[in-house]
Amino acid sequence: MLLARLLSGILTRYTTWRSIYWTSFALQYTIILLLYLFMPDYPVANARTSISYPSMLLSMAKMLLTYPLLVQACIIGFCISTTFTSFWTTLTFLLAGPLYNYDSLVIGCFALIGLGAMALGPPYSKFIMARYVPLLSTLLGEVMCLIGVAIGTFTAPFTLAGPIIQAFAIDIGLQTSQIANRAA
């Protein structure tokens, strides 16, 4: 996702906006071709108890009733991902709007903020998340996202530091919550 945002900013700066769609079209069909050529064709592991697709979907619904921790992880993941997606979607409109007037190249370079969150993920996981229960780490991730949203919301009309801090806090909060949910 980080690379896609950066490349789309670069492409739209030097070409037309339609080139993004043609590039993604070519990349998707390249991936389909590569999967067809190189994906191994394994036989079904449970041939005697072949399960139909509708019964597989029903088994996922049953898991939601059987494992309450799964429900909690799904709700947390939904809320954190919603925050992340809504921020990165509306950031383009904020930065291209009359307040900042940035072009698509500068807006695309905002994706590089995510590199800081990616770089801090492993040490944070080692020193904080490994020592405490996953619930605490998940709550810390949510609090980081909330603090980032508050800072970005109230400082964006005055300074560019607000959206930068918000992007970093939301990225590190999302990564923290996802890692903690996987550990649970």
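User: Why is Trp17 called exposed?

Analyst: This is a predicted model, and every value given here is computed from it. The relative accessible area of Trp17 is 51%. A residue counts as exposed over 50%, therefore Trp17 is called exposed. Trp17 is found in the loop between α1 (2–14) and α2 (18–38).

User: What makes up the protein, helices or strands?

Analyst: The protein has eight helices and zero strands. From the N terminus on, its elements run α-α-α-α-α-α-α-α.

User: How do you know whether Ser137 is buried or exposed?

Analyst: Ser137 has a relative accessibility of 2%. Buried means under 20%, so Ser137 counts as buried. Ser137 lies in helix α7. Leaving aside neighbours within four places in sequence, Ser137 is in contact with Met129, Thr176 and Ala180.

User: What is Val149 called at 27% relative accessibility?

Analyst: Val149 also lies in helix α7. Its value of 27% falls between the limits of 20% and 50%, so Val149 counts as partly exposed. Not counting residues up to four places away in sequence, Val149 touches Thr83, Gln166 and Ile170. Val149 and Met63 are 86 residues apart in sequence, and their C-alpha atoms are 33 Å apart in space.

User: How do you know that the span of helix α7 agrees with its number of residues?

Analyst: Helix α7 comprises 22 residues, namely residues 134–155. At 1.5 Å a residue, α7 should span 32 Å. The C-alpha atoms at its ends are 32 Å apart, so the two values agree.

User: Which residues of α7 are buried, and why are they said to be on the same side?

Analyst: The buried residues of α7 are Ser137, Thr138, Gly141, Cys145, Gly148 and Gly152. They cover an arc of only 105° around the axis, which puts them on the same side of α7. These buried residues pack against α4 (68–96), α6 (113–129) and α8 (161–183). The face of α7 turned away from the buried side carries the exposed residues Leu146 and Phe154.

User: What makes Phe87 and Trp88 an aromatic pair, and what kind of pair is it?

Analyst: A pair of aromatic rings is described by the distance of the centres and the angle of the planes. The count of aromatic pairs comes to five. In one of them, Phe87 and Trp88 lie 5.2 Å centre to centre, with 75° between the planes. The distance is within 6.5 Å and the angle is over 60 degrees, so this pair is called edge-to-face. Phe87 is buried, with a relative accessible area of 6%, and Trp88 is buried at 4%.

User: Why is the pair of Tyr100 and Tyr102 called stacked?

Analyst: The rings of Tyr100 and Tyr102 are 5.8 Å apart, centre to centre, with 15° between the planes. The angle is under 30 degrees, so the pair counts as stacked. Tyr100 is buried, with a relative accessible area of 15%, whereas Tyr102 is partly exposed at 29%.

User: Which residues form one aromatic cluster with Trp22?

Analyst: Trp22, Phe25 and Tyr29 form one aromatic cluster.

User: What is the radius of gyration of the protein, and what would a compact globule have?

Analyst: The radius of gyration of the protein is 21 Å, but a compact globule of 184 residues would have one near 16 Å. The C-alpha atoms fill a box of roughly 65 × 45 × 30 Å, taken along the principal axes. Buried residues make up 23% of the 184 residues.

Key. Residues are numbered from 1 along each chain as its sequence is written. This is a predicted model: local features need pLDDT of at least 70, side-chain atom pairs count only at pLDDT 80 or more; totals for chains, interfaces and linings use all residues. Side-chain values use heavy atoms; hydrogens and water are left out. Rings of Phe, Tyr and Trp (its six-membered ring) pair if their centres lie within 6.5 Å; planes under 30 degrees apart count as stacked, over 60 as edge-to-face and the rest as tilted. Buried means under 20% relative accessible area, exposed over 50%, partly exposed in between (1.4 Å probe, protein chains only). Helices (H or I, at least four residues) and strands (E, at least two) are DSSP runs, numbered from the N terminus. The expected span of a helix is 1.5 Å times one less than its number of residues. The arc is that of the directions from the helix axis to the C-beta atoms. Contact means heavy atoms within 4.5 Å. The radius of gyration is taken over C-alpha atoms; the globule rule is 2.2 Å times the number of residues to the power 0.38.
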